[in-house]
Structure formats: structure tokens, C-alpha cells
Amino acid sequence: MSTALQRWLSALFLCIYLLTIIWNSIIILLVTFDPLLQTTMYRFLRNLSFLEICYSSVTLPKLLMIFFLGDKYISFVGCAVQMYFFFSVGVTECFLLAFMAYDRYVAICIPLRYPTIMTKAMCNSLTAVSFISGFFESLAQTGYIFSLPYCEFNIINHFFCDIPSVLRLACTNTFNNEVFFWTCTVLFAVIPFMLVLISYVQILISILRIQSIFGRYKAFSTCSSHLTSVILFYGAGTFTYLRPKSRHSPERDKLLALLYSILTPMMNPLIYSLRNHEVQASLIKFVSLSMRD
């Protein structure tokens with residue numbers, strides 16, 4: 001890689017990281033302090049923004065160290081910690097997106113029962129389930145992988161410690177680990193995605209029953225931002241981890257990893273702010289108050 005290209009990429013990724021932190025922090029602040037955003041949907045959004053900050057912070061600081069300092073070394077323990085937090089946040093986001101879809105299902109399909117079903121206690125419980133699932137799945141996955149024997153002076157052909165890249169370096173048969181990885185993927189990624197699909201099928205049926213075009217548009221607009229986030233997150237993840245092994249290539253895996261671990265966390269705040277009038281109004285009010293001060 002030429003020096004000019006390396007400098008350009010360094011500046012680009014630094015800007016992306018800073019924008020990710022700033023935009024997601026703004027969402028967190030708006031939801032926390034604006035009384036008009038104290039609903040279940042926005043509490044989920046606040047947790048999603050927190051996860052996006054964590055997601056980018058797992059990989060981008062090390063990538064910036066590689067570009068700025070040329071430090072390509074990562075210790076065995078450091079690699080394990082990075083892998084643990086990356087997949088812990090990823091699994092947590094899978095469940096959180098599924099519960100956000102359920103929230104939209106209740107709001108559109110059974111709106112009269114929404115206040116009694118999606119209470120603050122229910123929101124906190126579903127959020128806790130998301131984080132606990134991510135904690136234990138990633139703990140089991142990382143512990144199993146790093147119990148394997150590895151040769152010395154390994155070179156990971158990736159910009160972070162991804163499971164497929166690390167497994168290639170093991171000095172033993174990794175078939176059982178691959179089976180365990182696929183099982184966890186089905187349980188903690190595919191099943192939440194199926195819950196999202198089921199929720200949106202029910203939502204689509206309810207929207208089609210609405211007589212007026214304006215009513216249909218209003219109902220769909222309440223879940224369009226979330227649906228866009230789901231497509232971005234699961235689309236990139238599916239192409240990365242659920243492709244046949246024969247179609248995997250390190251270069252393609254790196255590009256896809258950049259999409260779902262770096263660009264998606266930056267895009268989500270924009271998706272929700274650009275397509276949500278309540279968030280826009282809260283942001284305008286926040287900026288106005290800041291300028292007065």
C-alpha cells in the first residue's frame with residue numbers, strides 16, 4: 001500500500017469513527033433528556049446507539065493504530081478480548097433488532113394493547129435478555145476457540161480477530177469448532193432474524209388492511225427506519241458468515257466486515273434521524289437551546 005493511500009485511508013477511518021461516536025452519542029442524549037422521546041421504541045433506539053459505539057470501538061481503534069503507527073501486532077489475550085466483545089455486541093444487536101421489530105408489530109397490529117404490553121419494565125427485560133444472550137454466547141464461543149493449540153508467530157489475514165480468520169491458524173482439526181460456530185449462528189442470529197421476518201409479515205398484512213393510502217404510509221413510516229437497519233445489518237452479516245466456505249476469500253471478507261462493523265454503525269443514526277420527524281424535532285430543539293447558551 002502506498003504512503004499516500006495509507007494516509008487517505010487513515011483520515012477516512014478516523015472521520016468515520018469520530019462521526020459514529022458523535023452521531024450515536026447525540027441519539028443517546030436526545031432520548032435520555034427529551035421527555036417526548038420517553039417511549040419504548042426510543043429506549044430501544046438508545047440501546048442500539050450504545051451498541052453501535054461499542055461495535056465500532058472494538059475494531060476501529062486497532063485499525064487506526066495499524067494505519068497511523070504501523071502497529072500490526074496483537075497479543076493472544078488481546079485477540080481473545082477483541083473477538084469476545086465483537087461477537088458479544090453482534091449477538092446483542094441481533095436480539096435487540098428482533099425485539100424492536102416486535103415493538104413495531106405490537107404498535108401497528110394491536111395498538112390498543114401497546115401501552116399495557118410494551119411497558120418500561122418490558123423494555124428493560126427485553127434489553128437485559130439481549131445483553132445476557134450476547135454475553136454468554138460470545139463467552140462460550142471465544143473460550144472454545146482460544147482453547148485450541150496455535151502455532152507461534154501467527155499472521156491473521158484480517159483487520160480484526162474474526163472467528164474464521166483465527167480458526168485458519170489453529171494447529172489442529174477445527175471441524176467441531178466450525179459446527180459449534182454454525183450452531184450458535186443459527187440460534188443467536190438466524191432465529192432472531194426469523195422473528196424479525198414474522199413480525200414484518202404480520203405488519204405487512206395489517207398495513208394492507210388499512211383502507212386509506214395516507215394511513216398505510218403513516219403505518220409503514222413508523223417502521224421503515226428499523227427495517228432499513230435490519231437490511232444493512234443482516235445483509236452484510238449474511239454475505240460474510242452464511243456463504244458457502246468455497247466462496248470465502250480473505251479480501252472479500254475484509255470488505256464485507258468493513259461494511260457491517262464500520263459503516264453500518266455510522267449510518268444508523270442518520271437513518272433514524274432523517275426518517276423520523278420526532279427525532280428531527282428533538283435535534284432542532286437541542287441545537288436551538290445550545291445556540292442560546
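Predicted model: local features only at pLDDT ≥ 70, side-chain atom pairs only at ≥ 80, totals over all residues.
A helix here is a DSSP run of type H or I with at least four residues, numbered from the N terminus. By that reading, Thr40 lies in helix H2.

First, H2 itself. The helix covers residues 40–69, 30 residues in total, and its first and last C-alpha atoms are 43 Å apart, close to the 44 Å expected at 1.5 Å a residue. H2 does bend, by about 35° at Ser57, and a proline, Pro61, follows within four residues. Just after the helix, Gly70 has a positive phi of about 70°. Of the 30 residues in H2, 22 are buried, so the helix is largely enclosed by the rest of the structure.

Back to Thr40. Its relative accessibility is 3%, and buried means under 20%, so Thr40 counts as buried. What does Thr40 contact, leaving aside its neighbours within four places in sequence? The partners are Asp103, Tyr114, Met118, Thr119 and Cys123. For a sense of distance, Thr40 and Met291 are 251 residues apart in sequence, and their C-alpha atoms are 30 Å apart in space.

H3 is mostly covered, with 25 of its 34 residues buried.

Arg104 is in this helix. Is Arg104 buried or exposed? At 7% relative accessibility, Arg104 counts as buried. Setting aside neighbours within four places in sequence, Arg104 is in contact with Met41, Tyr114, Ile203, Thr222 and Cys223. Tyr114 is also among the contacts of Thr40. Between Arg104 and Phe146, 42 residues apart along the chain, the C-alpha separation is 39 Å.

Take Val166 as an example: not counting residues up to four places away in sequence, Val166 touches Cys79, Met83, Ile145, Phe146, Tyr150, Ile156 and Cys161.

Now the largest pocket. How much space lies in it? The figure is about 970 Å³. The lining has 34 residues, and Lys72, Ile74, Ile155, Ile156 and His158 lie nearest the centre. Helix H1 (3–33), H2, H3 and helix H9 (250–274) are the elements that give two or more residues to this lining. H2 gives the largest share, 4 residues. Ile156, one of the residues nearest the pocket centre, is also touched by Val166.

Asn157 sits in the loop between H5 and H6. With a relative accessible area of 35%, Asn157 is partly exposed.

The next helix to look at is H7, residues 175–209. The helix has 35 residues and reaches 49 Å from first C-alpha to last, close to the 51 Å expected at 1.5 Å a residue. H7 has a kink of about 35°, centred on Val186. Buried residues in H7 are Asn177, Phe181, Cys184, Thr185, Pro192, Val196, Ser199, Tyr200, Ile203, Ser206 and Ile207. An α-helix has 3.6 residues a turn, so residues three or four places apart point the same way. What covers the buried residues of H7 includes H3, helix H5 (120–145), helix H6 (163–167) and helix H8 (213–241). Ile203, buried in H7, is one of the contacts of Arg104.

Last, the loop between H7 and H8, where Gln211 lies. At 72% relative accessibility, Gln211 counts as exposed. Gln211 and Phe175 are 36 residues apart along the chain, with 54 Å between their C-alpha atoms.

To recap: H2 is largely enclosed, with 22 of its 30 residues buried, and gives the largest share of the pocket lining. H7 carries a kink at Val186. That is what I have.

Definitions and conventions. Residues numbered from 1 in each chain as written. Heavy atoms only, no water. Contact = heavy atoms within 4.5 Å. Expected span 1.5 Å × (residues − 1). Bend = angle between axes of the 7 residues up to and from the residue. Buried < 20%, exposed > 50% of the residue type's maximum accessible area, 1.4 Å probe, protein only. 1 Å grid on protein atoms, 1.4 Å probe; cavity = no way out; pocket = protein on both sides within 12 Å on 5 of 7 lines; lining within 4 Å. Points joined across faces, edges and corners; volume = space filled by probe spheres on them.
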